[in-house]
Amino acid sequence: MNQRLLLIEDDQRLADLVSSYLRKNGYDIQHHAHGDGAAERIIEIMPDLVILDVMLPGKDGFEVCRAVRHRYPGRILMMTARDEEIDEILGLELGADDYLAKPVEPRRLLARIRALLRRSDNGGDDNGDQDKLGFGRFSICQSTREAVLNAQSLELTTAEFDLLWLLASHAGEILSRDDIMNQLRGIGFDGLDRSIDARISRLRKKLDDNPETPTRIKTVRGKGYLFSRSDWE
């Protein structure tokens with residue numbers, strides 16, 4: 001059975017082009033053209049992935065994402081014509097799984113969709129079969145998608161959990177931004193995208209990691225990030 005996608009986009013020409021391209025690549029895609037009613041449509045059909053434009057008539061994409069994130073377990077890929085970092089960070093904070101700036105190149109969009117759906121199929125992990133990892137007072141479970149620190153469950157967005165699981169499953173190894181982008185988004189690091197850095201910053205706060213001198217998720221200058229095996233007592 002083909003995976004189901006829902007495209008929420010008010011530009012009819014773009015919607016037709018994207019829908020046609022994705023159907024040719026084997027996806028069952030439906031289209032909704034307005035921000036109003038979009039959240040209800042998502043919950044009604046429960047697609048495997050939502051492609052959500054930010055600039056919509058009625059409710060904007062941020063409002064739609066906020067409205068459904070706690071009720072919709074699938075992936076959300078946001079698109080916008082505004083090429084501003086603040087938009088990307090806001091979308092990710094609201095629970096979007098990925099972000100793509102317009103104009104959209106169909107092959108890049110397809111690569112992002114495949115990467116997101118592959119991670120869903122694998123329970124959010126592309127590395128190894130281990131389901132639960134423990135480091136002192138911190139533990140993270142892939143199957144339940146729960147992270148616990150000091151006996152308290154952490155509130156994580158889907159994108160934050162995926163990044164934290166990736167780092168923890170490679171504890172003691174340095175992962176470059178290119179490694180992380182390829183694993184999470186199916187593309188390489190372009191030298192400009194700051195979404196990974198923004199997510200790392202939010203994860204450090206939730207992990208009680210000192211932002212000035214972090215010891216749990218360390219920055220290795222010129223190389224990337226390292227999840228520490230120690231410093232969790």
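Trainee: Is F138 buried or exposed?

Mentor: This is a predicted model, in which local features need pLDDT of at least 70, side-chain atom pairs count only at pLDDT 80 or more, and totals for chains, interfaces and linings use all residues. Residues are numbered from 1 along each chain as its sequence is written, and side-chain values use heavy atoms, leaving out hydrogens and water. Buried means under 20% relative accessible area, exposed over 50%, and partly exposed in between (1.4 Å probe, protein chains only). The relative accessible area of F138 is 1%, so F138 is buried.

Trainee: How many aromatic pairs are there?

Mentor: Rings of Phe, Tyr and Trp (its six-membered ring) pair if their centres lie within 6.5 Å; planes under 30 degrees apart are stacked, over 60 edge-to-face, and the rest tilted. By this rule the aromatic pairs number five.

Trainee: How many residues apart are the two partners?

Mentor: Helices (H or I, at least four residues) and strands (E, at least two) are DSSP runs numbered from the N terminus. F138 lies in strand 7 (residues 138-141) and W232 in the segment after strand 12 (224-227). W232, with 1% relative accessibility, is buried. The pair links distant parts of the chain, and its separation in residues is 94.

Trainee: Which residues make up the ring cluster that contains F138?

Mentor: The cluster is held together by ring pairs. Its members are F135, F138, F227 and W232.

Trainee: How are helix 2 and helix 3 oriented to each other?

Mentor: Axes are lines fitted to C-alpha atoms, for helices over the stretch in contact, and angles run from 0 to 180 degrees between N-to-C directions. Under 35 degrees is roughly parallel, over 145 roughly antiparallel, 65 to 115 roughly perpendicular, and the rest oblique. The axes of helix 2 (residues 38-45) and helix 3 (residues 61-68) come within 9 Å and cross at roughly 40°. The orientation of helix 2 to helix 3 is therefore oblique.

Trainee: Which class of residue forms the contact of helix 2 with helix 3?

Mentor: Contact means heavy atoms within 4.5 Å; A38, A39, I42 and I43 in helix 2 meet V64, A67 and V68 in helix 3. Ala, Val, Leu, Ile, Met, Phe, Trp, Tyr, Cys and Pro count as nonpolar, Asp, Glu, Lys and Arg as charged, and the others, Gly among them, as polar. This contact has no polar and no charged residues, and seven that are nonpolar.

Trainee: How many charged residues does the contact of helix 7 with helix 8 have?

Mentor: Helix 7 (residues 177-185) and helix 8 (residues 195-206) pack at about 90°, their axes 10 Å apart, which makes them roughly perpendicular. R177, I180, M181, L184 and R185 in helix 7 meet S195, I196, D197 and R199 in helix 8. Four of these residues are nonpolar and one is polar, while the charged ones number four.

Trainee: Which residues contact G74, leaving aside its neighbours within four places in sequence?

Mentor: G74 is found in the loop between helix 3 and strand 4 (75-80). At 11% relative accessibility, G74 is buried. With those neighbours left aside, its contacts are D48, R69 and D97.
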